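This report goes through selected features of one protein chain. Please keep the sequence and the model at hand while reading.

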Amino acid sequence: MAQFEKVSQKSACHPKPNGLTLQYGTAGFRTTANHLDHVMFRMGLLATLRSKKTKSTIGVMVTASHNPEEDNGVKLIDPMGEMVTPAWEGYATVLANADQEDLCSVLGDIIGKESIDMSEAANVVTGRDTRPSSENLSRAVLDGVSCLQGHSHDYGLVTTPQLHYMVLCRNTNGRYGTATIQGYYEKLSKAFIELTKNAPKRTDDQKRLLVDGANGIGALKIREIEVFLKSELLVELFNDGSSGRLNYLCGADYVKVQQKPPQGMDMTAGQRCCSFDGDADRIVYYYKDSAGHFHLLDGDKIATLISTYLKELLTQAGLNLQVAVVQTAYANGSSTQYLENVMKVSVCCTKTGVKHLHHAAQEFDVGVYFEANGHGTVLFSKKAEEKIQQLAKDPNASDEQKHAAKLLENTVNLINQATGDAISDMLLIEAVLAIRGITVQDWDAIYSDLPNRQLKVKVADRRVIDTTDAERKAVTPAGLQESIDALVKKYKQARAFVRPSGTEDVVRVYAEADTQESVDGLAHQVSLAVY
Ligand code: NG1
Ligand code: ZN
């Protein structure tokens, strides 16, 4: 295999530790950073093959998102900015686990199975978060790309959604936007400024937003986009990475799971605050009321705010387009009930992991998808975008219709449709609150969350738990679901489920019930049933 000579040579510089087995999980590979060099090199190889196969630019992002600073991870980004397809996740796992001496034959197998023409050109773009290990690991990815004669462009320090955006722009010949960081800032900030023109009387106080940057890449990027926002948003940044550790006692995951504010944030009563996660693809909002109580507005509240706003605009515009919301099993029961019964929007539930939500959302004219943890975006079908654009220019449309269509047009431009994006979501939420003239408290009052609790349980082998019904029911081990059902029956408005995490070596337990005391009891009992 002469074509792999360079791969053989170079792979010796990226040896696989003995006995290490990893799996491409919910968001790619994730583990302690010092076990990942060989995986990065191999993902550089695989991304090059994927690029040859799809004749498109492929992205490779080095990040472990909300996980601790000493971890790292990698995921591949497909041509339209979405997660790589399941078959290739399988190749990724096989390639990452191949013994050193089998590496070239595994590559040969993939090339054969996918009938890849190795004479095709390949283009791979890379990006990384602020973890100390990320720079060397992304170099290993580039090493892999060059071994198979792929071209590469390293965007360096970027948020995960920024890299997804670049991939989408590059594969649509710039129609989606310019594939530069400047292009991204310009597109989003222009749309944001246009939208805020519909709320001309906002005071500086109303423009003020406290942002917890999780000591990560989001903090750097907020500073960069701020310049473009022309004081239409006044950001006060905390956990900006200058002293604290990434994701440590801060960030969207900490705030959501602990249901408390991040450390290091100076909150005053009623002040709107938000937290990004470590790679800025998730966002949650919160505030403290005058009694000092903490109120969280998570992905479900965000989905409700955005879908309500979009539905109202589409009605004003007189456009007959279906709005749907896609959630996971972690969505608070109150949100689902509100969306279905009050807002009358279709709601569907998928397995955890953005790829599942993204694909489900593609089925609708306007698909709003959010995980409860704050990861999500809105997808507009081609038909929806065309109808909006036509109406905005239609001489026969009424002023009200045109106004709604213009708002919709700018809203489409503000949204990163490649993937959930904390910066884009933040700007959208800020614009919606401004246009509707509502406070964070008004938004929170749309419905009340059922008290809920998430726990992690360490078990010998989390994969013995297999689930069905969008992960809401355990199929194995035998008897587990019956035990959960029996426990749930003891509480009011209760629901609980367990599933193996795809990003950590734990089983996750989720429960909700009528009071915090009940739900804490239920979650604890369910976690004992998992052992
Ligand atoms: P796992 O570890 O599979 O639960 C977590 C999140 C997902 C998703 C991924 C990727 C929860 C309960 N799970 O997955 O929603 O965001 O990480 O980051 O929040
Ligand atoms: Zn993330």
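## Model and annotated domains

The structure is a predicted model. UniProt, in an unreviewed entry, lists "domain: Alpha-D-phosphohexomutase alpha/beta/alpha" at residues 52-87 and 110-170. In the model, residues 52-87 are 14% helix and 36% strand, with end C-alpha atoms 16 Å apart. Residues 110-170 are 48% helix and 21% strand, and the end C-alpha atoms of this span lie 25 Å apart.

The feature "domain: Phosphoacetylglucosamine mutase AMG1" is placed by UniProt (unreviewed entry) at residues 178-284 and 298-436. The span 178-284 is 35% helix and 15% strand, and its end C-alpha atoms are 28 Å apart. For residues 298-436 the content is 58% helix and 15% strand, with 19 Å between the end C-alpha atoms. UniProt (unreviewed entry) also gives "domain: Alpha-D-phosphohexomutase C-terminal" at residues 456-527. That stretch is 29% helix and 29% strand, and its end C-alpha atoms are 8 Å apart.

## Packing of helix H2

Helix H2 (residues 37-54) packs against helix H5 (residues 134-147) at an angle of about 40 degrees, and the two axes are 7 Å apart. H2 and H5 are therefore oblique to each other, and H2 passes H5 in a right-handed crossing. On the H2 side the contact is made by Asp-37, Met-40, Phe-41, Arg-42, Met-43, Gly-44, Leu-45, Ala-47 and Thr-48. On the H5 side the residues are Leu-137, Ala-140, Val-141, Leu-142, Asp-143, Gly-144, Val-145 and Cys-147. By class, eleven residues of this contact are nonpolar, three are polar and three are charged.

H2 also packs with helix H3 (residues 86-97), where the axes come within 10 Å and cross at roughly 140 degrees. This crossing is right-handed. Val-39, Arg-42, Met-43, Leu-46 and Arg-50 of H2 meet Trp-88, Tyr-91, Ala-92, Leu-95 and Ala-96 of H3. The contact of H2 with H3 has eight nonpolar and two charged residues, and no polar ones.

## A mostly covered helix

Helix H13 (residues 354-361) has seven of its eight residues buried. The buried residues are Val-354, Lys-355, His-356, Leu-357, His-358, Ala-360 and Ala-361. Among the elements that cover them are strand S11 (323-328), strand S12 (346-350), strand S13 (366-370) and strand S14.

Ser-381 is partly exposed because 17 other C-beta atoms lie within 10 Å, a count between the limits of 12 or fewer for exposed and 20 or more for buried. Ser-381 and Gly-73 are separated by 308 residues in sequence and by 31 Å in space, C-alpha to C-alpha.

## Backbone geometry in loops

Most residues other than glycine have a negative phi, and most peptide bonds are trans. Ser-115 has a positive phi, near 45 degrees. Ser-115 sits in the loop between helix H4 (103-113) and strand S4 (123-128), and it counts as exposed because it has 7 C-beta neighbours inside 10 Å. Lys-230 likewise has a positive phi, near 50 degrees. The loop that holds Lys-230 runs between helix H9 (217-226) and strand S7 (234-238). With 11 C-beta neighbours inside 10 Å, Lys-230 also counts as exposed.

The peptide bond from Thr-476 to Pro-477 is cis, with omega near -5 degrees. Pro-477 lies in the loop between strand S17 (473-476) and helix H18 (480-488).

## Lys-492

Lys-492 is in the loop between H18 and strand S18 (495-500). Lys-492 counts as exposed because it has 8 C-beta neighbours inside 10 Å. Apart from neighbours within four places in sequence, Lys-492 is in contact with Ala-513 and Asp-514. The C-alpha atoms of Lys-492 and Val-519 are 9.5 Å apart in space, while the two residues are 27 residues apart in sequence.

Notes
Residues numbered from 1 in each chain as written. Chains lettered and ligands numbered in written order. Predicted model: local features only at pLDDT ≥ 70, side-chain atom pairs only at ≥ 80, totals over all residues. UniProt positions renumbered as here; feature names shortened; annotations may be inferred. Helix = DSSP H or I, 4+ residues; strand = E, 2+ residues; numbered from the N terminus. Axes fitted to C-alpha atoms, helices over the stretch in contact; angles between N-to-C directions. Parallel < 35°, antiparallel > 145°, perpendicular 65-115°, else oblique. Left-handed = near helix turned anticlockwise from the far one by under 90°. Contact = placed C-beta atoms within 7 Å. Nonpolar A, V, L, I, M, F, W, Y, C, P; charged D, E, K, R; others polar.
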